[in-house]
Amino acid sequence: MMQQIYPVPDHDYAYELNKEFHFSAAHYIADESAGKCQYTHGHTYFVNITIAGGQLNQIGFLADFKTIKDLIHKRFDHTTLNEDPVFSNQQVYFPTTEVVAEKVYEIIQGYLNNLDNQPVCLQVFLRETPTSYCIYRPKGETDQ
Ligand SMILES: [Zn+2]
């Protein structure tokens, strides 16, 4: 849902940046308990990533919007999620909405960790269908 305002946890950071984009991907949940979802099917995932921090970099960015999108979109758009190492290396979990949201967080935070101004990803909002979405928030980040 473009141009939507998303719920965000309270925080004291001076800057909060939100980047929104979507990608199309296939997945399957290879377990009988998943019902029809055990068969390969596709979604257009809508993503909103919330990043916060107290300092901008030399050119006035908290983090680069395009890099944030590219890290996720270039990696997952028009792929089968199950085949990406971030999912296929897991022993138990399949790329459910919850797990995809968590992995998106890990990829983004991994990028942010390398920035001198040290922004943090507060939240990943991941919409899988018009009626279903998941919010992943790392534990502890909003406690400061
Ligand atoms: Zn699905």
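Before anything else, I noted my cut-offs: buried means under 20% relative accessible area, exposed means over 50%, and partly exposed lies in between, with a 1.4 Å probe and protein chains only. Strands are DSSP runs of E with at least two residues, numbered from the N terminus.

I also reminded myself that this is a predicted model, where local features need pLDDT of at least 70, side-chain atom pairs count only at pLDDT 80 or more, and totals for chains, interfaces and linings use all residues. Residues are numbered from 1 along each chain as its sequence is written, and side-chain values use heavy atoms, leaving out hydrogens and water.

**Strand β4**

I started with β4, residues 120–129. Nine of its 10 residues are buried, so the rest of the structure largely encloses this strand.

Next I checked its partners, counting two strands as paired if DSSP finds at least two bridges between them. β4 runs antiparallel to β2 (residues 41–53), with seven bridges. It also pairs with β5 (residues 132–136) in the antiparallel sense, over five bridges. β4 and β5 make a hairpin with two residues between them.

I then followed Phe 125 of β4: it bridges to Asn 48, and in β5 its bridge partner is Ile 135.

**Zinc ion**

Which protein atoms are the donors of the zinc ion? I found NE2 of His 27, His 41 and His 43, lying 2.0 Å from the ion. Donors here are N, O and S atoms within 2.8 Å of the metal (3.2 Å for Na, K and Ca); water is not among the atoms, so sites may look incomplete. The donor spacing in sequence reads H-x13-H-x1-H.

Buried or partly exposed: what is His 43? His 43 counts as buried because its relative accessibility is 13%, while His 41, at 22%, counts as partly exposed.

Conventions: Helix = DSSP H or I, 4+ residues; strand = E, 2+ residues; numbered from the N terminus.
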